[in-house]
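Subject: Structure handover

Hello,

Here is the structure I promised to pass on. Please open it first, then read my notes below.

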Amino acid sequence: GWLLGGQLLRETDKGRHTPWRFYFKRWMRTLPPYYVMLALLYLGQTGGMETASPGDFLLHFVFVQQYANDNHYFVSWSLCVEEHFYLIFPLLFMFAIARMSRTKAVMTCALLCLLILLVRIGYAALYGPLNIVYYWSHTRIDSILFGCCLALHNNPLLDRDAWRPKLPAAILAIAVLLFCLVYRDPVFRQTLRYSL
């Protein structure tokens with residue numbers, strides 16, 4: 001998210017941002033190796049694909065297998081989350097975020113992160129099973145969006161006066177991270193933990 005946000009900012013500042021160019025470069029970098037790996041897993045029936053049907057293969061091929069309730073072949077769920085993000089965010093950036101002030105852009109991204117957190121909390125409170133939240137794009141995409149917030153605000157590569165953390169902030173961040181690794185409550189782990 002931080003790399004993508006910075007790249008989109010630099011291209012916009014130079015007047016060169018078009019999502020189509022980004023999509024072509026991104027997909028040429030990820031899709032060929034992904035489809036080769038997927039074909040090898042499917043043809044070799046390995047890597048969790050031992051009982052995969054052609055329908056399962058198709059779900060992986062179009063990056064939606066994590067939404068199939070009866071499909072437990074999540075070999076590429078994180079790549080699916082990334083691809084869904086990369087499909088949406090450059091368009092959102094081009095049509096809205098790039099036209100805003102940096103402060104408003106960061107606030108918009110932060111509000112989207114909060115909305116996704118509320119979706120996770122709502123799902124945990126009303127439905128289940130909790131572990132499925134781990135795989136869905138609409139409940140995990142804020143993990144990448146946080147990086148975009150960092151790219152848009154106080155980016156040390158783009159902003160001369162960017163904030164740099166001092167020792168107390170670093171210690172607090174490490175303490176929060178350690179707490180998140182140690183605290184084992186399942187609801188916390190599938191909701192707030194991702195955001196923290």
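This is a predicted model: local features need pLDDT of at least 70, side-chain atom pairs count only at pLDDT 80 or more; totals for chains, interfaces and linings use all residues.

Which side chain meets Asp159 in a salt bridge? It is that of Arg102, at 3.0 Å, N to O. A salt bridge here is a side-chain nitrogen of Lys or Arg within 4 Å of a carboxyl oxygen of Asp or Glu. I come back to this pair below.

Residues are numbered from 1 along each chain as its sequence is written, and side-chain values use heavy atoms, with hydrogens and water left out.

Overall picture

The protein has 10 helices and 0 strands. Both kinds of element are DSSP runs, numbered from the N terminus: helices are H or I with at least four residues, strands are E with at least two. From the N terminus on, the order reads α-α-α-α-α-α-α-α-α-α. The C-alpha atoms fill a box of roughly 55 × 45 × 30 Å, taken along the principal axes.

There are 196 residues, and buried ones make up 39% of them. Buried means under 20% relative accessible area, exposed means over 50%, and partly exposed lies in between (1.4 Å probe, protein chains only). Now take the contacts with a separation of 6 or more: residues 24 or more positions apart account for 59% of them. Contact means heavy atoms within 4.5 Å.

Salt bridges

A search of the whole structure finds 4 salt bridges. One of them joins the side chains of Glu83 and Arg26, at 3.8 Å, N to O. Glu83 lies in helix α4 and Arg26 in helix α2 (residues 19–44), so the pair ties together parts that are 57 residues apart in sequence. Glu83 is buried, at 5% relative accessible area. Arg26 is buried too, at 11%.

Back to the opening pair, Asp159 and Arg102, with their 3.0 Å salt bridge. Asp159 sits in the loop between α7 and α8, and Arg102 in helix α5, so this pair also ties together parts 57 residues apart in sequence. Asp159 has a relative accessible area of 14%, so it counts as buried. Arg102 is partly exposed, at 28%.

Next come Asp142 and Arg120, whose side chains meet in a salt bridge of 2.9 Å, N to O. Distant parts of the chain are linked here: Asp142 is in helix α7 and Arg120 in helix α5, 22 residues apart. Asp142 is buried, at 0% relative accessibility. Arg120 is buried, at 0% as well. Salt bridges that share partners also join Arg26, Glu82 and Glu83 into one network.

Helices α5 and α7

How do these two helices run relative to each other? The axes of α5 (residues 102–126) and α7 (residues 142–152) come within 9 Å and cross at roughly 160°. That makes α5 roughly antiparallel to α7. Axes are lines fitted to C-alpha atoms, for helices over the stretch in contact, and angles run from 0 to 180 degrees between N-to-C directions. Roughly antiparallel means over 145 degrees.

On the α5 side, the residues that meet α7 include Arg102, Val106, Cys109, Ile116 and Arg120. On the α7 side, Asp142, Leu145, Phe146, Cys149 and Leu152 take part. The contact divides into 11 nonpolar, no polar and 3 charged residues. Ala, Val, Leu, Ile, Met, Phe, Trp, Tyr, Cys and Pro count as nonpolar, Asp, Glu, Lys and Arg as charged, and the others, Gly among them, as polar.

Loops to look at

Phe63 is in the loop between α3 (54–61) and α4 (77–95). Phe63 has a positive phi of about 65°, although it is not a glycine. Phe63 is buried, at 8% relative accessible area.

Asn154 is in the loop between α7 and α8. The phi of Asn154 is positive, near 55°, in a residue other than glycine. Asn154 is partly exposed, at 27%.

Tyr183 is in the loop between α8 (167–182) and α9 (186–190). Tyr183 counts as partly exposed, at 38% relative accessibility. Leaving aside neighbours within four places in sequence, Tyr183 is in contact with Phe188 and Arg189.

Best wishes

How values were computed
Angles under 35 degrees count as roughly parallel, over 145 as roughly antiparallel, 65 to 115 as roughly perpendicular and the rest as oblique.
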